[in-house]
Amino acid sequence: MKVLKTVAFKTLGCRLNQFETDALVTGFHNAGYHVVEGDEKADVTVINTCTVTNQSDQKSRHTINHAAAKNRDGLVVVTGCMADNYKEKLEGQEQITYVVDNDRKSQIVELVNGHFTGEIIHPDKMMGDRFGFDTVQKSLHTRTSVKIQDGCDNFCTFCIIPSVRGRAVSRPVKDVLDNVRRVVDNGFKEVVITGVNIGRYDDEGLTFENVVEQVLELPGDFRVRISSLEPDGFSEDFHQLFSHPKLAPHLHLCLQSGSGEILLKMRRMYSANYFMETVERFRKAIPDFNFTTDVIVGFPGETDDDFQKTVDFIREAKFSHVHTFRFSRRTGTRADRMKEQVSGKVMAERSEVIRKISEENRHAYMHSMQGKEQRVLIEKVAGGMASGYGEHYMPVAFAVEDPTTNRFEQVRLTGTTPSADPVMQGTLI
Amino acid sequence: MHTITDVDKYTVEDVRHVNDSTYVLQFSRGGMEFKPGQHLNLGTKGSGQHREYSIYSSPDNSSIEVLIKLVDDGVVSQQLRNVQPGDELSVKGPYGFFLTDAKPKKGEKLLFIASGTGIAPFHSFIMSYPEADYRLIHGIRNINEAYDREHYKADRYFACTSRGNKGDFNGRITDYLLSGQEKKADKVYLCGNSSMIYDAMDILRAQGYRHDQLFTEVYF
């Protein structure tokens, strides 16, 4: 009997990286590999890295070293944004077999197949294709992402991503729609529209909103969620799209700071006022619309007053979750050269303040949702309890008799578990 | 499929000093397409150091120009000052969205507000669309920073000087805006240091401009 080669994956960073790993899992599975858990010894280990902050670099390095030590006889393939940012350094490490940049990430299956069949080539000789990934069939999740865009031209002063993900490029709308059709045919009930800066989608004049509109019109019992979005990436009518029953009323809209001065220094393309007007416009149309966000604390020059503006903004906008990043100096960015760098101690204090407000907001939002109905996509059933997410992207747990996962159930929300990481409780309707 | 553009064949054609601390670097275009308002990442070949500079020239020109102010403890502005015709540059881009939607429409009044070398994208725009109905308010310290003033129609360029008394207005841009002398425009574009933009935006909002009439590009 032929023994299948094994492949393991480790993924760091953003939702886009997670999607690209899922697609590689599918590709290796289709090519006859046996996919094992990330910590298991394997013939091939693929590490999909992140480099957005210094902490991401450390985690990526640790993961590479750990995986290489465990798989001394196996192939170690390092890809992702760290592979772009530190290509030469990584190529100089003997423990790493291949370093594959983002352009060629989708070709890793061919690269590894070639290695085992004696057709060894340098990854740089392979054709790049940002959208050449397999349609996800065998996912580690119940929801799947569809990549519509890659790269970013915004050049925010703190961000290294334009240097590692490259210029903004959009996938043709026809390919996006084909991809959504295929993942729905494969049984996925939730499709997450993803990319690096999806609001900048532009396919020969077709905008981000145009592509979302077309995805929503595709037949099938599925819902659409939009991943992280920049506030300048849509028109004032965007909220109207959310009246469509397939579009989940949740946006992760990146604030970064509530201070107008800091937003300018970050070279963000909106003002705090504009952001708040956007939130208000959505909530006027859909009062329980769920906003989550990213915030950077300790950006160079951020004063106590600037920080207080961010705190006030978070309270007023009622974000149900705030992902807080401590400012991280990235070589080559404008913010790295800025004076008035903020100390680590101050950043830690500010980060803690926001963490607590985020928790308060989350509890308040969950409380406000009690008594309402949610259409929950069941991800897991254990001990007669189902868990999954409602359309507002709140985790919900409820009792079921049917142990089947990946199906929708209509649930009435009855309460919240008393914990730091609360889950909403509900009953089947 | 794509990496950041870094075409090696950009060569220096000229360095033209417009005053003691500012110069216009002209180099071969290498087939680059760009829109007025966009910027480049620019450095000397092989230095590994790049800085962002808005394009000063029009897309109609065969060469590209950028307006560079020497930074005392800067690296790239000093290196670029010393380049010679024929030297190769490292150029990445073009990037950005500033002014890219500003193509003049009939009857539309544009107000451009710049501090220092923040005038560069407006120069590119005005050289491309001389027929545009614009007013350019330029905040500078001394009148010798009124770079290439003769390139603009006399009644459209307006210098606010914070030092000396040779400007069209003696004081900062924000003082001028607060004076209420400037007629209302349909769209306002601001480019320069973040403090000026932040303060000017507050004033303009108080004067009734909506956020969708205001556009910014920050220089540091």
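Biologist: Taking two strands as paired if DSSP finds at least two bridges between them, how many bridges join E13(A) and strand E14 of chain A?

Modeller: This is a predicted model, and in it E13(A) and strand E14 (residues 290-297) of chain A pair in the parallel sense over three bridges. One position to look at is His250(A), which stands opposite Asn290(A) in E14(A).

Biologist: Which strands make up that open sheet, and in what order?

Modeller: The open sheet has three strands in the order E13-E14-E15 of chain A, with parallel pairing. Strand E13 (250-252) and strand E15 (321-326) of chain A each have a single partner strand and stand at the edges, so one side of each is left without a neighbour in the sheet. From one strand to the next, the twist averages 10 degrees.

Biologist: And which strands of chain A close into a barrel?

Modeller: Five strands do so, in the order E16-E17-E18-E20-E19 of chain A, and there the pairing is mixed.

Biologist: In what sense do E19 and E20 of chain A pair?

Modeller: Strand E19 (residues 408-416) and strand E20 (residues 424-428) of chain A pair in the antiparallel sense, over five bridges. Within that pairing, Leu413(A) has Gly426(A) in E20(A) as its bridge partner.

Biologist: Let's zoom out, then: what does the domain assignment of chain A give?

Modeller: The assignment gives domain 1 (6-125), domain 2 (143-369) and domain 3 (373-428) for chain A. Between domain 1 of chain A and domain 3 of chain A, the C-alpha centres lie 35 Å apart.

Biologist: Helices next. At what angle do the axes of H11 and H12 of chain A cross?

Modeller: The axes of helix H11 (residues 304-317) and helix H12 (residues 344-369) of chain A cross at roughly 10 degrees and come within 10 Å. Because angles under 35 degrees count as roughly parallel, H11(A) is roughly parallel to H12(A).

Biologist: Which residues meet there?

Modeller: From H11(A) there are Phe307(A), Val311(A), Ile314(A) and Arg315(A), and they meet Arg350(A), Val353(A), Ile354(A), Ile357(A) and Asn361(A) in H12(A).

Biologist: Is Ile198(A) buried or exposed?

Modeller: Ile198(A) has 25 C-beta neighbours inside 10 Å and therefore counts as buried, and Ile198(A) is found in the loop between strand E9 (190-194) and strand E10 (202-203) of chain A. Not counting residues up to four places away in sequence, Ile198(A) touches Ile148(A), Gln149(A), Ile193(A), Phe208(A), Ser227(A), Leu229(A) and Gly233(A). Arg334(A), by contrast, is 136 residues from Ile198(A) along the chain, and their C-alpha atoms are separated by 23 Å.

Biologist: Over to chain B. How many residues of strand E3 are buried?

Modeller: Strand E3 (residues 39-44) of chain B is mostly covered, with five of its six residues buried. Four bridges join E3(B) to strand E4 (residues 51-54) of chain B in an antiparallel arrangement, in which Leu40(B) stands opposite Tyr53(B) in E4(B). Five bridges join E3(B) to strand E6 (residues 88-95) of chain B, again running antiparallel, and there Asn41(B) stands opposite Lys92(B) in E6(B).

Biologist: What sits between E3(B) and E4(B)?

Modeller: The two strands form a hairpin with six residues between them, and Gly46(B) in the turn has a positive phi of about 85 degrees.

Biologist: And Val12(B), why does that one count as partly exposed?

Modeller: Val12(B), which is found in strand E1 (residues 7-19) of chain B, counts as partly exposed because 19 C-beta neighbours lie inside 10 Å, whereas a buried residue needs 20 or more. Leaving aside neighbours within four places in sequence, Val12(B) is in contact with Phe27(B), Val83(B), Gln84(B), Pro85(B), Gly86(B), Asp87(B) and Leu89(B). Of these, Asp87(B) is 75 residues from Val12(B) in sequence, but the two are 5.4 Å apart in space, C-alpha to C-alpha.

Biologist: Last topic: how many residues are in contact between the chains?

Modeller: On the chain B side there are 12 residues, in contact with 19 residues of chain A. Helix H4 (194-206) and strand E12 (214-219) of chain B each supply at least two residues of the side that touches chain A, and the largest share, three residues, comes from H4(B). That side of chain B divides into seven nonpolar, five polar and no charged residues.

Key:
Residues numbered from 1 in each chain as written. Chains lettered and ligands numbered in written order. Predicted model: local features only at pLDDT ≥ 70, side-chain atom pairs only at ≥ 80, totals over all residues. Contact = placed C-beta atoms within 7 Å. Nonpolar A, V, L, I, M, F, W, Y, C, P; charged D, E, K, R; others polar. Domains from an automatic or database assignment. Pairing = 2+ DSSP bridges. Axes fitted to C-alpha atoms, helices over the stretch in contact; angles between N-to-C directions. Parallel < 35°, antiparallel > 145°, perpendicular 65-115°, else oblique. Buried ≥ 20, exposed ≤ 12 C-beta atoms within 10 Å, placed from the backbone.
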